[in-house]
Amino acid sequence: SSSSSSSSSSSSGKSKKKSKNARRKERRKREEEFTVSVPSALYESVWEDNMRYLRDMRVFDRAYLAFLYDLLRISVPQPDFEYAPQLNEEQNPALDQIKLFTHVFLEILCHSREKKLMRLFATRLKTLLRANVTGSRWLLHMLVDTSNALHEHLLRCSVKAARHSFAALVLGAVETLLPFEKDAFEDLSLPPVRAPRSSDEEVGDDCSSDSDPQADDEHENDSRAHSSVPVVLTASGCQVLSRPARLRTPATRRLVDTLIELLRYAVFSWRSFGQYFLLLRELALCSPELRLFMLRREVHHSLLGLFLGSDSPFVEVPVRCKMGDKFSKPDLRFLVSTLSVLACSYEAQRTLDPESVPPSPMLLAPPLAYEPSALFTRTLLSDAFISDAVKQECHLQHIGQLLMHVCWYNEVLSSRIVSTLCLGVADAEYDGIRPFMQVLNILLLLEDPLQSERVEITCRELLGVANKFKKYPRFTKTTLEYVHFLARENELVQMYLDENAQYYEWIEPWLQSHAQIPSGFRADNPTVLPWARYSEGECAFITELSNLWK
């Protein structure tokens, strides 16, 4: 009986285990056969994202980008120096070649991480454009007709190498076309203006740097959705130009008009607008016709207003936003450099025998017959602009050249500007003296009848400042070492110190007693670059730029 009971219990346990396994298999089968209905739109969008990711992963692969560059490098340029009245895009193998590589550069290379390949690609493509007039015309027309293309690549792009390469490409196309289209800038009739915008797209004047930059960029992008659509003013109102009519307008004129129009929105892209102003400067250096056109379009007013911000006296500047924050400052070097180029394009006022004064050595040749407004001249030479530009080190070479140009044979401006720079030294900390001293050194090299007077004012005021603030030994020692540096660079400064040594006998004992005090002196003086190198039509960039521009 005991054996029968044990066998029955084991058989019942096995049957229970089998039934349990059977139920588990059935449940698993039901789970595997479970289906969920996914909306077709969601299903397709997920697969589109997956395919886009796989495509981008292969398109932006370094090996593929290197293959594209090799393809461009082995392509044979097909010269085309014939300028036809109308742009003919049909049956032109050279133009098809430029179109292909231009779209590759704009749509792939500019969005990649391969900066070296990006520069090499732009350099080679620029070579093709220099040898093809039709390709250069097509490129400029395409950039103007494509909505926000210039704005995206020059202002909104966050990669400096991409902005630099794009600006170099545009400059190469302009240099190719300018000999054929110079006459377009002599006609100063009303240029194409922006298409009218709706009231909810207008930009307000109450913007500040505390707002969300991304939101500002999005608003900026939306507010210019139609900014690249050319219109003309007729008796019946605004009329949109058709594509053939737009193509009859010279490409360089359309490009410069569009770039000038972008000035009103540059304030929103203060983190990345350096290359935009660099392109403006190099366009101004291309030819006197372009400089005169920019001056008569009052580009210098907008530049000065953009630099001064809310302190600007120019009411035509539409947007006044504060640029910069506590973490970073805007790059205003090329803005001030462009302003200096335009201001050195015409003769300034002279006080010493104006009829027999020789041309300023900093005057761009040929000089332009242009007279700026008294408000612009007064604002440009104000103490606020000069001090802020030097303090922010906005291209000290070009600031020095601008001051040399306006101080040439001008006694009033010479004494006032030298005093302003010396006052900037007095107001600066010991580590902020260097930019003022560098500009003073450039200005003291100007050889005219007022040179000795400028040297005397500089030495007298700088040594007076050093004597006044002797209770700050580091500041005093830095100032004295910069004065000695000026004496080594300029014989007139050394002569003045030797002739007036009895008034400054305190200097040597003071330096000996404070020999252990560290100094903030730095002898990296900027080199004065004459404007003559730009007047030969070469448009070579200054030394701090990469070889891409050459």
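Helices here are DSSP runs of H or I with at least four residues, numbered from the N terminus. The model is predicted, so local features need pLDDT of at least 70 and side-chain atom pairs count only at pLDDT 80 or more, while totals for chains, interfaces and linings use all residues. Residues are numbered from 1 along each chain as its sequence is written, and side-chain values use heavy atoms, with hydrogens and water left out.

**Exercise 1.** Find the helix that holds lysine 20, and decide how accessible lysine 20 is.

*Solution.* Start with the helix: lysine 20 sits in H1, residues 2–32. Next, take the accessibility classes: buried is under 20% relative accessible area, exposed is over 50%, and partly exposed lies in between (1.4 Å probe, protein chains only). Lysine 20 has 48%, so it is partly exposed.

**Exercise 2.** Describe the salt bridge between arginine 130 and glutamate 175.

*Solution.* First, the criterion: a side-chain nitrogen of Lys or Arg lies within 4 Å of a carboxyl oxygen of Asp or Glu. For this pair, the N to O distance is 2.5 Å. Now place the partners: arginine 130 belongs to helix H5 (residues 115–130) and glutamate 175 to helix H8 (residues 160–181), 45 residues apart. Finally, arginine 130 is partly exposed at 38%, whereas glutamate 175 is buried at 17%.

**Exercise 3.** Work out which parts of the chain arginine 434 and glutamate 393 tie together.

*Solution.* Their side chains form a salt bridge at 2.8 Å, N to O. Arginine 434 is in helix H20 (residues 434–444) and glutamate 393 in the loop between helix H17 (383–391) and helix H18 (396–407), so the bridge joins parts 41 residues apart in sequence. Arginine 434 is buried at 12%; glutamate 393 is partly exposed at 31%.

Notes. Helix = DSSP H or I, 4+ residues; strand = E, 2+ residues; numbered from the N terminus.
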